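I opened my notebook to look up a few strands, helices and loops in this structure. Here are my entries, in the order I went.

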Amino acid sequence: MKFIVKFFSEITIKSRPVRKAFVKQLRHNIRLVLRKYDDDVKVTGNWDFIEVHSERDELRDEFIEAISNIAGIAHFQYVREFPFVSLDDIVDQAIVSYGEQIKGAVFAVRVKRVGQHDFSSVEAERYVGGCLKARCEALAVRLKDPEVLVPIDIRDDRVWMIEQRIEGLGGYPIGSQDSVLSLMSGGYDSTVSSYLTMSRGLKTHFCFFNLGGDAHEIGVKQVSSYIWEKFGSQINVKFITVPFEEVVGEILTKVDNAEMGVILKRMMLRAASQVMEGVGAKALVTGESVAQVSSQTLINLKVIDQVTEELVIRPLITTNKQDIIDTAVKIGTAPFAASMPEFCGVISVKPTTRAKMHRVDKQEANFDFAVLDKAVAEAKVMSIQNVMDDVEKQYQGEVPVVRMPVGEEIIIDIRHPDEAANRPLKVSGRPVKVIPFFALSSNWQNLDPNVPHLLYCGKGVMSRIHASYLLGKGHTNVGIYLP
């Protein structure tokens, strides 16, 4: 199994040393990601492309999904490689790959050629195309807008029959740019803004301000882990939790209602500006968009930013909400966001849209900044790779494992909705409910407490984590289904 990876166009116009550094980082990232599937995967590259080779042909779909989410790639091709013998041999091989597709269709052959041969690329296209038309019952050859395109690369003594082209993520390889710290609430905006910085090559750490509640923290850890797992190229980053309950308490009791939202954001930026030093971040990232909510008017954003000298990046600053939601749907974070509690949105009943600096200063004079210092001091930093392990540690007992249900157990499929839809769980004679893992906490109270419920996730890792959490909360009717 072979893939040919082509670089994002902006990489190709860089100076020679910069381009070499980007390609080296991209090779490293591809190898990191694909070793999850095949320890022996080979990733080699040169000035124009990277070759990925694996003996595990059965993993083609997994490789395609993984490579398509690695930043720095314009597109990649699945190719079948064989030695160059003759044009007639290429015709035979093309029939294997495209014979059924071009039957009754209008098609064209595109040949790219590198090396010394006794024919030109155009001559190869004419010969192969004519033979395919005669042997495959094709309707016609049409060079412009064909229904089926047969792309072939002849490279010296090798031939690549290109069977599939897949679009990449674009951007720069993660690790080729500086680190940033993304403020994560788990909603649509913060998840999409984090995805955008990651897809641009920025090593993106996550910072969550816990305004009250284990469920919210677990939800943000889940979606952060999901984004990193899918788009993070396995580059290790940190997840930081800052306990902000007491900060919120100070604001609610000592700040006028109109300024609460702006001051809360100022406190977050103050705290984030301190914790970012520990992860080497060079900028802060937020999901704010102009005028989307009261604290995001230009005047309020200017007041908020005055508490820090650090660069604040807002990837979504002029993006419409529906476009943000559409992107969240595309990248798979929308279901998380739809289940995430929004504490920030309810902190102020009559928020100001035109904050005055002198009023903000007056209100903050009532605030006990020792509370903020305490929150920063108690911030918890962990590797994103272990962020879900931290959830499991809340319960130290045994988690019941059932391989063959025989009683009244109900099985709950907690996989991501996309995975559950693509590979539905079917258990003979057994009811199966689909409740995504990020919606378990909010939906558990609606389940019959007298009936055992078994969580299923495929490999048993995520189901064990969530069963541990529920058991730790005192629910005894939970276990995991591991067939």
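Which residue in strand 17 is the bridge partner of Ile412? I looked it up and found Lys433. A reminder to myself before going on: this is a predicted model.

**Entry: strand 16 and its neighbours**

I stayed with strand 16, which covers residues 410–413. Its pairing with strand 17 (residues 432–434) is parallel and runs over three bridges. I then checked strand 18 (residues 453–456), which pairs with strand 16 over four bridges, also in the parallel sense. There I noted that His453 stands opposite Ile410.

Next I asked where the side chains go. In a regular strand they alternate between the two faces of the sheet. In strand 16, I see Ile410 and Ile412 pointing one way, while Ile411 and Asp413 point the other way.

**Entry: helix 4 against helix 5**

How do the axes of helix 4 and helix 5 cross? I have helix 4 as residues 87–102 and helix 5 as residues 121–135, with axes that come within 10 Å and cross at roughly 50°. The two helices are therefore oblique to each other. I wrote down the crossing as right-handed. On the helix 4 side, the contact is made by Leu87, Asp88, Ile90, Val91, Asp92, Ala94, Ile95 and Ile102. Helix 5 contributes Ala124, Tyr127, Val128, Cys131, Leu132 and Arg135.

I traced an open sheet of six strands in the order 13-12-9-10-11-14, and its pairing is mixed. Strand 13 (311–313) and strand 14 (380–383) are the edge strands, each pairing on one side only. From one strand to the next, I have an average twist of 25°.

Inside this sheet I picked out strand 9 (residues 179–183) and strand 10 (residues 203–210), which pair in the parallel sense over five bridges. Ser179 has Lys203 in strand 10 as its bridge partner.

**Entry: Gly187**

My last stop was the loop between strand 9 and helix 6 (188–199), where Gly187 lies. Is Gly187 buried or exposed? Its relative accessible area is 2%, and buried means under 20%, so Gly187 counts as buried.

How values were computed. Residues numbered from 1 in each chain as written. Predicted model: local features only at pLDDT ≥ 70, side-chain atom pairs only at ≥ 80, totals over all residues. Heavy atoms only, no water. Buried < 20%, exposed > 50% of the residue type's maximum accessible area, 1.4 Å probe, protein only. Pairing = 2+ DSSP bridges. Axes fitted to C-alpha atoms, helices over the stretch in contact; angles between N-to-C directions. Parallel < 35°, antiparallel > 145°, perpendicular 65-115°, else oblique. Left-handed = near helix turned anticlockwise from the far one by under 90°. Contact = heavy atoms within 4.5 Å.
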